[in-house]
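Morning, everyone. Let me put today's model on the screen, and then we'll walk through its strands and helices.

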Amino acid sequence: MSTEINLDELYNNSIKILSDLIGFKTISGEDNSNLINYCENYLHNFGATSFKTFDDEKKRVNLFATIKAKKSNGIKPIILSGHTDTVPVSKSWSTDPFKATIKEEKLYGRGSCDMKGFIACTLAFAPIYSKTDLNRDIHFSFTFDEETACIGAPILIKELKKRNINEGICIVGEPTKMKIIDAHKGCYEYTTYFEGLAGHSSMPHKGVSAVEFATKYSNKLIELREELKKRSPKDSIFDPPFSTLQVGGIFGGIAHNVIADKCHVEWETRPVIKEDGIFLNQEIDKYANEVLLPEMRKVFTNSRITKKIIGEVAGFNRVLNSEACEFVSSLTGDNSREVVSFGTEAGLFQEIGISTVVCGPGSIEQAHKVDEFIELSELKKCIKFLDGIREKSSIN
Ligand SMILES: [Zn+2]
């Protein structure tokens with residue numbers, strides 16, 4: 001193919017697009033449709049087809065767009081995957097977090113590294129991919145609410161399964177400084193609500209203290225944490241090697257002398273294997289339903305314990321000879337493999353049979369922080385990487 005590729009121009013475009021993307025305030029849980037419409041219109045201009053999936057209220061949107069292969073001869077597609085949401089901002093920013101600001105070879109703005117930088121680079125490349133005689137489909141997957149326990153991606157994944165898009169290579173462009181991450185633990189978050197019966201503290205037998213039952217529940221979780229340690233797989237690649245658990249908060253009660261009728265416990269676990277998550281849930285549910293609840297209902301029959309799943313981010317498992325990792329290594333020349341302690345959408349793609357790798361521009365060091373930035377050199381690296389994908393995906 002004879003099209004001239006001007007990487008400098010692509011890099012400049014990526015900065016322009018990134019500035020636009022930062023301008024869309026897409027904090028997790030909020031409406032991200034303006035950003036998604038921007039991406040969709042942009043991709044349509046270069047011949048992409050697309051579909052969208054939504055949350056129940058239709059205000060948060062996932063986009064999946066495709067630039068089709070000219071002739072695939074069975075070569076499997078590539079998915080370039082990013083989340084469009086960002087974490088919230090605090091008042092202490094030294095620049096406007098929703099306005100891209102370049103200073104000393106760094107581009108500042110909320111989401112600059114986590115992970116609008118990657119999305120911007122992929123969009124900058126769309127015109128090139130569309131001019132290339134592709135030997136495989138190239139997909140763009142942009143999700144909502146990754147930062148709040150991957151709420152958006154499962155909705156998209158369900159649709160991918162329906163459409164039989166369940167093979168190929170997925171590159172999740174979370175900030176890794178373009179290093180290959182091939183595993184992370186799962187991250188499951190729960191809130192458990194206790195509803196008892198209010199009363200005067202001088203008559204404890206006439207009330208059901210939600211606070212006290214929530215405390216017993218928390219203690220049981222802490223006991224189970226020790227069980228998780230014992231279950232640590234021998235060949236674990238993680239640090240610490242076992243599944244962790246923590247109680248992040250207990251909220252309830254109104255006064256010293258009032259029996260609290262409401263309390264809730266926020267807790268999370270990071271399973272190294274899926275079975276640990278199943279084990280933990282079975283044990284704690286059993287304890288709640290067979291020990292605590294009967295005790296509560298002895299006094300007040302309408303007592304309740306409800307466990308709400310905030311999110312269950314699937315773990316991302318190391319696969320020997322991973323097609324995705326080898327593909328990325330062949331582009332970056334870097335054969336190292338690392339594990340990380342943060343969660344991503346990678347495990348969800350892996351679960352439906354897509355070979356997946358986490359690799360993207362920017363550093364996780366700057367993610368979620370005040371004055372988040374991405375080094376411009378990282379965007380350049382990413383542009384070069386995407387050009388490598390073009391080379392490996394063109395017929396000639
Ligand atoms: Zn992220």
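**Strands first, then the whole chain**

Start at strand β16, residues 355-358. Ser355 and Val357 point one way, Thr356 and Val358 the other, and all are buried. Buried means 20 or more other C-beta atoms, placed from the backbone, within 10 Å of a residue's own. Strands here are DSSP E runs of at least two residues, helices H or I runs of at least four, numbered from the N terminus.

Two ground rules. Residues count from 1 along each chain as its sequence is written. The model is predicted: local features need pLDDT of at least 70, side-chain atom pairs count only at pLDDT 80 or more, and totals for chains, interfaces and linings use all residues.

β16 pairs in the parallel sense with β7, residues 169-172, over four bridges. Pairing takes at least two DSSP bridges. Valine 172 sits opposite valine 358.

Next, an open antiparallel sheet of four strands: β11-β13-β9-β14. β11 (244-252) and β14 (304-313) are the edges, each with a single partner strand, so one side of each has no neighbour in the sheet. Inside the sheet, β9 (187-195) and β13 (262-270) pair antiparallel over eight bridges. Glutamate 189 faces glutamate 268 there.

Helix α5, residues 210-230, packs on this sheet and touches β9, β11 and β13. Touching means contact: C-beta atoms, placed from the backbone, within 7 Å. Helix α6, residues 274-299, lies across β9, β13 and β14.

Zooming out, the protein chain has nine helices and 17 strands. Of its 396 residues, 45% count as buried. The C-alpha trace spans about 85 × 45 × 35 Å along its principal axes.

Methods
A residue is buried if 20 or more other C-beta atoms lie within 10 Å of its own, exposed if 12 or fewer, and partly exposed in between; C-beta atoms are placed from the backbone. Two residues are in contact if their C-beta atoms, placed from the backbone, lie within 7 Å. Axes are lines fitted to C-alpha atoms, for helices over the stretch in contact, and angles run from 0 to 180 degrees between N-to-C directions.
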